[in-house]
Amino acid sequence: MKNMKTKILILFLSCAFAGCDGFLEEQSQTEVRPSTIFDMEKLLEGEAYWTESDAVFTDETEIFTDDNMCNVVRDKNTQIQNLKEHDKYKYIWSNTMFNDNGDGSSDIELWQTPYKYIKGANVILDYIDDMIVDGKEGEVRREHLRGEAFVLRGLYHFYLVNFFGLPYNYGDPTQNLGVPLKTNSGVTTDEYPKRSSVAECYKQIEQDLLEGTRLMSANRDEASTKIKRIDYLVGNALLSRMYLYMENWDKTIDYADSVLIAQPDLLMFSENPNEYIYSQYGNCEILWAMPSTFAADIPLVSSRRTQYPYTASNDLINTFNKDLAVGEIDLRVMTQDEDNPNYPGFDGRNVTFLQTGGETLYGDNYTKLGVVEYYVIYKGYKWTGMRTAELYLNRAEAYIQKYIREGNTSDAQAALDDLNRLRRHRLDPNGFTEKMLSDYSDGWALLEFCWRERRRELCGEGNHRWFDLRRQGMPQITHIYLDNTGFQSEYVLQKEDSRYVLPIPQNVLDRNPDLKQNKY
Amino acid sequence: MSTNLSGSVGKTKGFVGTDPFGYASKMNRAIPAYNEDGSRFFYKSADNGYLFNVENELEHSGTENTVSTLNANVNLRWRITDDISFNTSVSYSASETNGSSWYSERTNYIAQKRGYDYGAFEAGSKEFENSKLPNGGEYNSSHNSATSWNWRNSLDWIKVLNGVHSFSVMLGQEMSSTQNNGYKLQSYGYIPDKGKIFVNLPAYTQHNAVDPPVNDMYRTTPTLTESESNTLSYYLTLSYMYDNRYAFNASVRGDGNNRFGQDKKERFLPVWACGFRWNLGYEPWLQGQNILSDMSVRVSYGYQGNVAENVSPDLIATIVEDKENYDYKLALKDLPAPDLKWEKTSNLNVGIDWSFFSNKISGSFEWYWKKTTDLVTELKVPYEHGVDSRPVNGGKMTNTGWDANVGFTPVRTKNFVLSMGLTFSRVNNKLKSTIEPNKTWKEATTGNLNKDGYPVTSFWAFKFTGLNPEHGGPEFDTEGIETEEGLKDATVYMAYAGKMEPDFTTGLTLSIRYKTFSLSSGLYLSLGNQQFMAPPMDSFSSIPSEYENMSTEWLDRWRKPGDEKYTNVPSLPDKRTNALKWQAPSTEQMYPYAMYAYSDIRVVDAWYIRCGSISCSYTMPEKFLPNGLQNMSFSFSLSNPFQIRSKDFKGRDPEVALGGQPLQRAISLGVSLSF
C-alpha cells in the first residue's frame, strides 16, 4: 500500500513539473516576433509609411506662403474661431509659433513626425537581414523593401532640412545648420544628436535616395506596383526634385527623363472632369498616392462646407489669370468673371483644384470684410501624392536655367515643350494656344513664367510653395490679419528674412541641450 | 482533506460622465437648478455650448454593473511517514462582469454628438438631415470573464533529535493560470425609455456634398480581448532550531511566467533569504522573574532580482488595423532593449520583540535597510530618436527606516480590560542616480526631480516677492535664471519647498472593555511633509467664466493700487496686463499665474493628527434577554470624527484646499439579534 502511495505521489509530482514548457510558452493576443520578410513588409507599412492622422506635416507650411490669406473676422462656430486664433502665430511668422499658441498647447509635429517615421525606416534597415528569406522571390522582395526604407528615410530628412534649415542655394551650405541625421534605430542615452550642416544633410539624403532607387530598380516585384507604395519611379522623381533644389540642372533633367520615359502621361482635364487629381486608386498621372489629412483645419485644403479661416489668397487666384491668352480657360480654377461669359462657374467638376465655397458669407455665421466668396483647394479626399506634372515642371525649370547660363535656344524650346504639354492638358482645348519663345523677352521672363506655372499646378500640396519661395530668392510677402473687430494689421516677411527658416519648438530644444536654435 | 465552495453576485448602479461632487464644488452658486415654475433650468455649458442641467444629465444617463463570482478549493494533506507529509491544494475561481453605460438623447453629452440641442430641430430640417445622430443616444456594453486556477504542492519533512535539535525542510511547487476574455461595444441610436430599441443612423452626412463623408458612428465594431497568463514557481525552505532558543533558516524561490517578449535566460531568477532568531524568553537565565517576560531578536537578509515588465531584448511588433487598405499592419511595440540589466534588491531586517511585566507592556522594534541597484527608469530622450523615452538602468536607491510599536494592557481583570497601542515609523529614502534628468521647473514642482543631496520626493517652488503695485499681478525673484546653469537646472532660481512624503508617522489605538461593553478609538499622526495647495483658479491666462465657482480666498484679492501692502492674493488674471506671458531667457514662456500657483506661499505643511474612528459596542447580558432571543448586541461607530492640521490652511477645509473631497464623516448604528 505504501509503495502504491509513493508511486502515485511520484507520478503526481512529475506531472506537476513536466507540464513546464508548454505551460510557459509565450502568449499574446496581438504581439508577434517578426521573423519573415512578409512581417517586415507589414512593419514597413505600419512604421515607415505615414498614416492619415500623421499627415499634417505634408502640407502644413501652406499657411506661411503667399497662397494664403486670412478672411474670417469672427465665426460663430467655436472650432473655426479657435483655429483662427491658434494659427495666427504661424500666419504672422512668429518665431515662437510652435511653443504656445495662446491655449497652452505646443505643436511639434513638423519635427516629431518625420523623426518618428525615420525611426521606422531605420528599424527595417537594421533588422531586415535577420529575417527568414523564402527563395529567390523572397530575396527580391527583401531588397525592394530595403530600397523603400532608404528612399523614405531620405524623403523625411529632406522635409526636415527644408523646414528647419536654410535653403541649399543660400549662403554656404557647409556652414549653415541643418538638422540631426539619424541613420540607425538604436538609442544611446548619454549622447545627444547634433545638427549637421545643410550640405551634410543633402549628402545623406542623396546617398539614401540613390541607394534606395538602385535597389528598387534592380529588384522589381509585384508588391512594388501598389500605388500606395513607392517604386523606383518615385525614387527617381524625388532625386529630380532634390537636384532641382541643389541647382544641379543636368541631373534634374536626367532623372526627370528617366521617369517620364516610363510614365509620360498627364491627365487631360477636359476629358476627365469627374476624376480627382489625387485618389487612392491612382490615375495615369499618379506615381505614388500619399495619405493626407482631411480635417477642417488644414490650410487651403478643406471641404467646401467648412471654411478654414485662412483660405486661398487673392494673389493666388489672380495668378491663374496672368498667362491666359484671350479666349483661354484654365480648368484648374473656377472663377466668376462677369467679363467672360464662358466661365463655367461651379458645376461640380471634381478635377478642378481651386473651387469656390458654396455659401455666401453674410449674416449670423460670419462677419467678413472685403472678400465675399472664398476659394478652397481640393485635390482629392484624404489623398495627395507625387505625379508626373511635377517632373515636367522640374525639367522645364532646369532647361530654362541652363538656357540662361548657356544660351542654347534648344534648351528653351525643350522647356516650352514641357510647359505647353502641361498646359494643353490643363486648359480647355477650345481657345488653347501654345506659348512661343518669342513671347518672352529673355530667359528671366521665361523663368518667371515657369515659376508661375509651377505655382498654379502645385498649389496647396506637398509643401511645394513654401520650399519654392525659399529657393527662389525668399521674396518679400505680406500677410494681412483681420482681428475680431475687423481691424486689419499688416505683417511683412522681408526679403531673405531669417524667418524663412522655421523655429525649432521649445519642447524639442528642452529634450536635447546640444541642439541650437536658429538665429532670428 | 477540506473543501470550500463560495459564490457571490453583486449589482451596482451609478452615474456616468458628470461627477456630481466635482460639479457641486466647481459650479457657480448663482446659477439656479429650477425655473420659477419648477421646471429645470438649462444653461449653455461652457464646455460645448449646448444646454445643460445637472439633474437632467444624471437622470438620463447611468451605468450598471453585475459581478458574479464563484470560488472553490480543495486541500489535501497526506501524512506519508511520521516525519514526512505532503500537502496539495487546488483552487479555482471564475468571475464574470457584465457592465453597461448609457446616455439618452436628452443629455448634453449626446447634444454635442448630434450637433444641436434636444428638440431644437425637426425631421426634414437641414440640421436634422446633416446630423450624424439625429435620434437616439449612446450605449456601451462590456462583458468580461476571468477564470483562474492555482495548484500548490509541498513536501514537508520535520525531525526532532534528542528533543533539542529540530530540523525542517519544505519543498514546494506552485502553478497558476489566469485567463481573461473581454468584449466591449459602443453603439449609437439607443432610446432607453422607448423599449430600449436602437434606431438607425444615416450612413452619410452632408449628402449634398460631392464627396459626402461617411458617418463614423454608423458602423461600430466590438473590441475583443483575450489573454492567458501562466506562472510556475518553486521554493525550498530549510530551518533548524536548537532548544527552542536559536533558530536559523534559509529559503530560495524562483518564478517563471509566459509573458511575451521576455528574455528566456532571465526566467526563474531566484529570490533567496536567510535569517536568524534568538528567543531569549526561553533562556534559562531569564526564567523565574516577572519583569522581562519574553524577548526575541531576529535578523534576516534577502536578495532578489526584478525584470522590467514592459521591455524586451528582441524586436516585438503588434498587429493593428490598417483602415485605408482594409487590412492589418504591424506597429512596433517598442525598440528592443537588449542591454537592459535587471534590478537587484538586497534587504536587511533587524527586529526585537519584547514584553514586560507578564505581558502588560509589549512591543517590537524593527529596522530595515533596502538597497536597489540598476533601477530601471524611463528616461525622456530627444525627439530625434523617434521615441519618447527609453528604459535605462538609472542608479541606486537606498531606503532605511524603522518601525516600532508598543502595547500596554495596564489592567486586565475578568470584567475590565484597558489596552493601548502605539506604533511609530520613520522612513529615510536616499536616491543616488547616475542619470541626469531634465530639470525644468515643471519637473521641479512635482516631487519627481531627484537631485543629489536632497531626499527623494523633494520639490521646489518659485520665490514669491509680492504684488505689482500697478495691476496687482504676482511677482517673483528669479535670480539665476539667465545663467548658463539656470537654463539647465530650474532649482537654481527656485526655493526648496520640502518633500512630499512624510518623515514620521505614528498611530495610537485605545480600547476599553468593561463586562460586555467595549469602546475603541484610534489616532494617527503624520509629520514632515509639505504640499502645494490646489491652484486657486483653473485658467492661468484669463478671468474665470461666469459659470465657475471660486474659492473665498479671492475675496481678499488686490483691487486697487496700495492693496499690495495688505494682501498676497493677486488680482484677477487679465490677459493684457498681469497674466501676460513672461518671456524667460531660455525662450520658455511662463505664465505669472501658473508660477503663482507653484510659488512658496502656496506651500503648506502637510502634517496632521487625525482620529480615524470611535466605536463602541454593547452586548446584552444573557439574563436580560427575553425568551427566544439568543443574542442581542448594539454597536455605534463614528468615522473621521476630527482632524487637526497646520495653521497654513487658514481655516479652509484642508482636503478641499489640497484638491480633494472633504473627509466623509459617517455615523452608524447597529443592532444584531439572533434567535
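In which handedness of crossing does helix 6 of chain A pass helix 7 of chain A? The crossing is left-handed. This is a predicted model, and the report below takes its helix pairs, then its domains, then its chains.

**Helices 6 and 7 of chain A**

Helix 6 of chain A covers residues 135–164, and helix 7 of chain A covers residues 198–218. The two pack at an angle of about 155°. Their axes lie 7 Å apart. That angle makes helix 6 of chain A roughly antiparallel to helix 7 of chain A, because angles over 145 degrees count as such. By class, their contact holds twelve nonpolar, eight polar and six charged residues.

**Helices 11, 12 and 13 of chain A**

Helix 12 of chain A takes part in two of the packed pairs described here, one with helix 11 of chain A and one with helix 13 of chain A.

| Pair in chain A | Angle | Axis distance |
|---|---|---|
| Helix 6 and helix 7 | about 155° | 7 Å |
| Helix 11 and helix 12 | about 155° | 8 Å |
| Helix 12 and helix 13 | about 30° | 11 Å |

Helix 11 of chain A runs over residues 388–406 and helix 12 of chain A over residues 409–426. These two helices are roughly antiparallel to each other. Their crossing is left-handed. On the helix 11 side of chain A, the contact includes A:Tyr392, A:Leu393, A:Tyr399, A:Ile400 and A:Tyr403. On the helix 12 side of chain A, A:Ala412, A:Ala415, A:Leu419 and A:Leu422 are among the residues that take part. The contact of helix 11 of chain A with helix 12 of chain A divides into twelve nonpolar, one polar and seven charged residues.

Helix 13 of chain A spans residues 443–457. How do helix 12 of chain A and helix 13 of chain A run, parallel or antiparallel? They are roughly parallel, because their angle of about 30° falls under 35 degrees. Helix 12 of chain A passes helix 13 of chain A in a left-handed crossing. From helix 12 of chain A, A:Leu416, A:Leu419 and A:Arg423 are among the residues in this contact. They meet residues of helix 13 of chain A that include A:Phe449, A:Cys450 and A:Glu453. Seven residues of this contact are nonpolar, none are polar and five are charged. A:Ala412, A:Leu419, A:Leu422 and A:Arg426 of helix 12 of chain A are named in the contact with helix 11 of chain A and in the contact with helix 13 of chain A.

**Two domains of chain B**

Chain B is divided into domain 1 (1–145 + 185–232) and domain 2 (504–674). Their centres, taken over C-alpha atoms, are 32 Å apart. Ten residues of domain 1 of chain B touch eight residues of domain 2 of chain B. Together the domains bury about 720 Å², with 56% of it on carbon and sulfur atoms. Within domain 1 of chain B, B:Phe21, B:Lys26 and B:Asn28 lose the most area to domain 2 of chain B. Those three give 55% of what that side buries.

**Chain B against chain A**

How many residues of chain B are in contact with chain A? There are 75, and they meet 71 residues of chain A. About 6500 Å² is buried between the chains. Carbon and sulfur atoms give 59% of that area. In chain B, B:Phe260, B:Tyr383 and B:Glu384 lose the most area to chain A. Together they account for 14% of what the chain B side buries.

Technical notes: Residues are numbered from 1 along each chain as its sequence is written. Chains are lettered from A and ligands numbered from 1 in the order in which they are written. This is a predicted model: local features need pLDDT of at least 70, side-chain atom pairs count only at pLDDT 80 or more; totals for chains, interfaces and linings use all residues. Side-chain values use heavy atoms; hydrogens and water are left out. Axes are lines fitted to C-alpha atoms, for helices over the stretch in contact, and angles run from 0 to 180 degrees between N-to-C directions. Helices (H or I, at least four residues) and strands (E, at least two) are DSSP runs, numbered from the N terminus. Angles under 35 degrees count as roughly parallel, over 145 as roughly antiparallel, 65 to 115 as roughly perpendicular and the rest as oblique. A crossing is left-handed if the near helix is turned anticlockwise from the far one by less than a right angle, and right-handed if clockwise. Ala, Val, Leu, Ile, Met, Phe, Trp, Tyr, Cys and Pro count as nonpolar, Asp, Glu, Lys and Arg as charged, and the others, Gly among them, as polar. Contact means heavy atoms within 4.5 Å. Domain bounds come from an automatic or database domain assignment. Buried area is the accessible area (1.4 Å probe) that two parts lose on being put together, summed over both.
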